[in-house]
Amino acid sequence: MEDYGKNIIEIPLEKLAIVAGEEKNAGHRLAQACATYVNDKYELLYSFEEDYAMTTYKVVVGLDEEVPSISRIFFPAFTYENEMKELFGVKIKGIVTDYNDKFYRIATETPFLKKKGGK
Amino acid sequence: MKSFHKSPWLLHYDASSCNGCDIEVLACTMPRYDVERFGIINTGNPMHADIFCVTGGVNEQNAPVVKQIYDQIPEPKVVVAVGTCACTGGVFKECYNILGGVDKVIPVDIYVPGCAARPESIIDGVVKALALYQEKHDKMVKEGRGLPEGE
Amino acid sequence: MPKKTVIPFGPQHPVLPEPIHLDLVLEDETVVDAIPSIGFIHRGLESLVEKKDFNEMVYVAERICGICSFMHGMGYCEAVEHVMDIDIPDRAKYLRTIWCEFSRLHSHLLWLGLLADGFGFEALFNECWRIREQVLDMVEMTTGGRLIASVNRVGGVLKDITPDMLKQMKAVAENVGRELVPVADTFLNDYSVKSRLCGSGILSKEDAIALGACGPMMRASGIAVDHRKSGYAAYGNIDFDVITSNDCDGYGRVYVRIQELFQSVEIVRQAIDKIPDSEEIMIKPKGNPKGEYLMRLEQPRGEAFYYVKGNGSKNLDRFRVRTPTFGNLAPLVHTLKGAPFADVPLLVLTIDPCVSCTER
């Protein structure tokens with residue numbers, strides 16, 4: 001069987017919404033989305049699944065770049081995006097149900113960003 | 001009020017534990033361990049509870065909930081911290097959102113160690129809590145705040 | 001237009017062993033909207049990668065959740081093994097499979113018990129948990145812990161299971177299968193149980209795909225995806241079918257989980273028959289992980305993702321877990337809409353919520 005876990009395709013930020021739309025039209029489901037903070041940049045991962053096959057896209061964005069939300073295309077993305085926004089401080093705009101950093105209600109602000117000396 | 005300390009009701013609350021200790025607290029009421037033979041009943045209502053079992057290291061959002069539940073339990077009450085996380089914070093002590101132990105929020109009477117705490121040790125903790133409960137009750141009676149036993 | 005009322009549900013609630021909070025918007029007795037708010041158990045354990053090295057992280061990963069503890073540890077280890085290109089010994093693969101299925105047995109039995117408690121069937125609750133104790137005894141006998149097993153290590157497993165123990169495990173698994181028959185009969189055929197479950201919490205196949213449901217929730221909507229089929233650990237050598245149901249409701253979810261219990265017994269039997277004789281159960285990892293990997297595995301509650309990114313030092317850059325309940329939050333909100341208020345606790349239970357996993 002193909003090794004889906006290693007296969008990560010890097011795409012530019014402006015293609016994110018287009019790719020998400022294509023995946024939606026193909027009838028795939030959103031498997032997961034997550035953010036990583038490395039070298040003063042965010043790496044956002046979006047995985048889509050069709051039965052057992054999985055495609056993972058990676059978007060590298062700068063700290064101040066705005067990321068369009070894909071929750072209008074994939075509704076369940078709102079949980080992942082709220083998480084990215086609150087824990088990492090990724091600037092995502094247009095989330096369907098935006099908790100405004102009250103998703104986890106933590107005392108520390110963007111803990112995953114601060115601790116690595118980002119801000 | 002003789003039945004008072006012979007049938008304490010237990011309230012369990014999960015204050016950010018990993019679930020392991022919660023499941024063991026529930027397992028105590030199951031046929032194998034059966035704490036109901038000591039007259040202990042697991043209740044969902046703080047107003048009915050006498051013994052408060054807290055698991056987990058308490059995070060920012062949970063602290064006011066734990067405090068509120070503690071305030072709702074009528075006097076006398078005994079707090080049992082179940083599991084290593086509830087005692088000190090355990091492996092999660094260094095996490096950014098963990099306060100580190102139930103005693104940071106409310107006074108704790110009995111500490112039950114273990115990760116996850118075994119049902120035997122939880123029962124041992126609860127039985128110790130019973131003795132303490134009796135003591136607290138006697139003290140209340142002496143101070144004229146409660147009804148004496150045997151009536 | 002009827003007046004809308006907002007009723008808070010949780011965090012401390014008699015049917016929930018764990019805190020989750022829902023704001024339910026009601027019109028008369030019907031839920032029209034539900035807004036979940038989580039964070040009562042958010043510990044932030046993913047950030048511990050900065051402080052603990054990749055070997056120590058196994059113990060943290062195991063404590064993401066006390067119910068599927070073994071699988072969390074295993075998922076993390078498999079992800080790191082993929083990054084480091086370690087092929088673990090065959091016997092270790094089989095041992096992991098056996099422990100995995102024992103975890104599944106105890107997790108599903110636990111859930112069935114809680115569900116029975118949810119609709120007020122106390123005797124069934126106690127019966128499920130009585131059967132579950134035998135499973136925990138076997139886990140304790142082989143690993144030393146009832147819930148947190150701590151036998152996984154990057155590169156294999158720490159403890160071997162002796163042939164005597166294997167024989168005993170097989171006997172216990174078969175006994176669980178026998179004792180389950182009357183319990184399953186009550187769940188699936190009893191009039192009062194059916195009246196609570198049939199037709200409650202409908203999630204159609206299309207909605208399940210659109211909302212990203214996973215695990216038994218998805219299989220109960222007729223989608224045959226079980227990641228054990230992707231062949232991690234020793235599942236590639238074991239013959240089993242994906243269990244689905246086309247009921248799309250609470251009854252379907254119970255059906256899928258009960259059949260999975262019988263299937264787990266069968267998988268344990270196969271794995272114990274096929275396990276290779278060997279002394280080697282662990283390969284010591286050399287060097288530090290460098291690279292990234294997204295591991296998928298099937299937990300009792302559905303598919304879990306483990307993302308690991310290493311930079312060549314002993315601390316990982318990022319460790320991320322997406323647990324099944326997190327994926328099932330959106331389907332839960334969907335099923336709650338239109339449900340009567342009295343069904344809310346039951347519907348929350350049918351997704352098999354594990355809040356500790358969800359919030360990490």
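How many residues of chain C are in contact with how many residues of chain A? In this predicted model, 44 residues of chain C are in contact with 44 residues of chain A, contact meaning heavy atoms within 4.5 Å.

## Basis of the model

The model is predicted, so that local features need pLDDT of at least 70 and side-chain atom pairs count only at pLDDT 80 or more, while totals for chains, interfaces and linings use all residues. Residues are numbered from 1 along each chain as its sequence is written, chains are lettered from A and ligands numbered from 1 in the order in which they are written, and side-chain values use heavy atoms, with hydrogens and water left out.

## Interfaces with chain A

The size of an interface is often given as the accessible area lost when the parts come together. Chain C and chain A bury about 3,600 Å² between them, with 57% of it on carbon and sulfur atoms; buried area is the accessible area (1.4 Å probe) that two parts lose on being put together, summed over both. C:Leu294, C:Arg296 and C:Arg318 supply 15% of the area that chain C buries against chain A, more than any other three residues.

Between chain B and chain A, about 560 Å² is buried, 52% of it on carbon and sulfur atoms. This contact takes 4 residues from chain B and 9 residues from chain A.

## Salt bridges

Over all chains, 39 salt bridges are found, each a side-chain nitrogen of Lys or Arg within 4 Å of a carboxyl oxygen of Asp or Glu. The interface of chain C and chain A has 5 salt bridges, whereas the count between chain B and chain A is 0. C:Arg320 forms a salt bridge with A:Glu83, with the closest N and O atoms 3.1 Å apart.

B:Glu94 and C:Lys52 also form a salt bridge (3.1 Å, N to O). B:Glu94 lies in the loop between helix H4 (84-88) and strand E5 (110-112) of chain B, and C:Lys52 in the loop between strand E3 (30-37) and helix H1 (57-62) of chain C. Helices (H or I, at least four residues) and strands (E, at least two) are DSSP runs, numbered from the N terminus.

## Helix packing in chain C

The axes of helix H3 (residues 90-118) and helix H9 (residues 250-274) of chain C come within 9 Å and cross at roughly 155 degrees. Axes are lines fitted to C-alpha atoms, for helices over the stretch in contact, and angles run from 0 to 180 degrees between N-to-C directions. H3(C) and H9(C) are therefore roughly antiparallel, the term for angles over 145 degrees.

Definitions and conventions
Parallel < 35°, antiparallel > 145°, perpendicular 65-115°, else oblique.
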